[in-house]
Amino acid sequence: MLGLLLVSTFVVVLNETIMGVALPTLMQALSITALAGQWLTTAFMLTMAVVIPVTGFLLQRLATRPVFLAAMGLFSLGTLVCALAPGFGVLLAGRVVQACGTAIMLPLLMTTVLALVPAERQGRVMGNISVVISVAPAVGPTVSGLILSVLDWRWMFGAVLPIALGALLLGALRIPDVTEPRPAPLDVTSVVLSALGFGGLVHGLSTLGEGGSAAVPAWLPLAVGAAGLAGFVRRQLRLQRADRALLDLRTFAAPTFRAATAVLGVSVTALFGTLLVLPIYLQDVRGLDPLATGLFLLPGGIVMGALAPAVGRAYDRWGPTRLLVPGTAVVSLALWCLALASPATPVAAVLAVHVLLSTGLSLVFTPLFTAGLGSLPPHLHAHGSAVVGTVQQVAGAAGAALFVAVLTLGAEAAPAAAGEAGAVAAGVRLAFLCGAVLSLLAVVGAVRVRRPAGARAPSVPAP
């Protein structure tokens, strides 16, 4: 069951970043502008940010099997619509339907693991989940580049559809109900405030990353998002007194969950910012084509996938601190190194630093998921999973917006004598410098993440 959930989640998360390298091809094939094409990614992230906070309610109200069937059914339907789309509008609608299914899968996977796996073995299983979280977004551009080098853009969805339908069929036949549904009222006002708050923040951050080309000024959705989020938090604090909250914020009463969520937000910001800015450096400064750029990012994804199971076993033995502190330090070191990149930096050196960054991130995600969610009582697991998913989406949008905005400022401030490639390189250095400074916060926060009480491995003596 867990294997099927892992494969299904990997497939759906992969689609979040598959469109980046494909944008030039889609612009030509569909006769659309870059701003319109960017919405294929922005709408996906926006939908995820709106739907994920509701998954806490769904996972409480419904059993495992119907939630899985709904998630994979929506994803399969959206993938089919995208593969057959006659134009941009239908393709965009298909991406929204895909995102609805994707938003449900990750919280479902985490909640199921917490329900089925003993605390002393959760690290190794969460290690496999880290493969989904970190590797799938990293290899998305590679998969896209490989497909587009030999096939039509529709095969980005056509190649995934049989896997999605196979997972849906297997789930219908073999997924049991492992959680106990309980009555949970749906507060419609909370849903509206959640959509305005998280959706507004993600849209605003994405618009900020688009710079002056955006049709709507970034401050407007950011203001709507901030107001909606403030109203959402205030309402949840009132509703959770009667156990009626859409997203129970009592999860943040656990110090380990608070610290893990903060470090996760910084780490995801670094990951998604790097996934966006590094291809710009490789293509605009070093002259690599989209396929070569996608292949460049592949070793880092392979390293994260290869290390994740070992990191999970190490967590079960040693706990989070021995992994998180060196992991966040390595991530910070890699970002400081990338801040030195120039048009003359050997591509092999940049590749080595990217692999170093991936190694550090592989030491970070598993301990954060396991310690953070494991510190919560069982009745808050579904809400904790939804909080983690929401933080990932907002932090991912923030990372992309922050890195691109700083890159743009750095490029505009570069002297005219530097040329176009030199200006972009200056912007890239400034963006990674900003990320390096931000990464120091993760190093500080890492020491505050502790192993949850009662989750120690038998071979580790109690303090």
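Trainee: So a pocket here is an open set of grid points with protein on both sides within 12 Å along at least five of seven lines, and a lining residue has an atom within 4 Å of a point. Which residues line the second largest pocket, then?

Mentor: Bear in mind that this is a predicted model. In it, the second largest pocket is lined by L59, Q60, T111, L114, A115, T179, E180, R182, P378, H379, H381 and A382, and its volume comes to about 280 Å³.

Trainee: Staying with α5, is M105 buried or exposed?

Mentor: M105, which sits in helix α5, counts as buried because its relative accessibility is 0%. Setting aside residues up to four places away in sequence, M105 touches L5, S8, T9, V12, F68, A71 and M72.

Trainee: How far apart are the C-alpha atoms of M105 and S8?

Mentor: Their C-alpha atoms are separated by 7.9 Å, although the two residues are 97 places apart along the chain.

Trainee: And Q98, what does it contact beyond its neighbours within four places in sequence?

Mentor: Q98 is also placed in helix α5, and with a relative accessible area of 0% it is buried. Its contacts, once those neighbours are left aside, are N15, F44, L74, F75, G78, T79, C82 and F157.

Trainee: Several of those numbers fall in α4; which residues of α4 are buried?

Mentor: The buried residues of α4 are T64, V67, F68, A71, M72, F75, S76, G78, T79, C82 and A83. Seen down the axis of α4, these buried residues fall within an arc of 165°, so they line one face of the helix.

Trainee: What span should α4 have at 1.5 Å a residue?

Mentor: Helix α4 covers residues 64-84, and its 21 residues should span 30 Å, which agrees with the 30 Å between its end C-alpha atoms.

Trainee: Changing topic, how many cavities of 30 Å³ or more turn up?

Mentor: A search of the whole structure finds seven of them, and the largest cavity holds about 160 Å³ of space. It is lined by 15 residues, of which V13, E16, F272, Q392 and Q393 are the closest to its centre.

Trainee: Where does the largest share of that lining come from?

Mentor: It comes from α15, with four residues, while α3, α5, α6 (122-150), α11 (255-285) and α15 each supply at least two. The lining of the largest cavity has nine nonpolar, five polar and one charged residues.

Trainee: And what is the volume of the second largest cavity?

Mentor: The second largest cavity has a volume of about 70 Å³, and among its 10 lining residues Q60, D243, R244, A245 and H383 lie nearest its centre. That lining divides into four nonpolar, two polar and four charged residues. Q60 also belongs to the lining of the second largest pocket.

Trainee: Last one: what does S362 touch?

Mentor: S362 lies in helix α14, which covers residues 347-374, and it is buried, with a relative accessible area of 3%. Not counting residues up to four places away in sequence, S362 touches M304, L307 and V311.

Notes
Residues numbered from 1 in each chain as written. Predicted model: local features only at pLDDT ≥ 70, side-chain atom pairs only at ≥ 80, totals over all residues. Heavy atoms only, no water. Expected span 1.5 Å × (residues − 1). Buried < 20%, exposed > 50% of the residue type's maximum accessible area, 1.4 Å probe, protein only. Arc of directions from axis to C-beta. Contact = heavy atoms within 4.5 Å. 1 Å grid on protein atoms, 1.4 Å probe; cavity = no way out; pocket = protein on both sides within 12 Å on 5 of 7 lines; lining within 4 Å. Points joined across faces, edges and corners; volume = space filled by probe spheres on them. Nonpolar A, V, L, I, M, F, W, Y, C, P; charged D, E, K, R; others polar.
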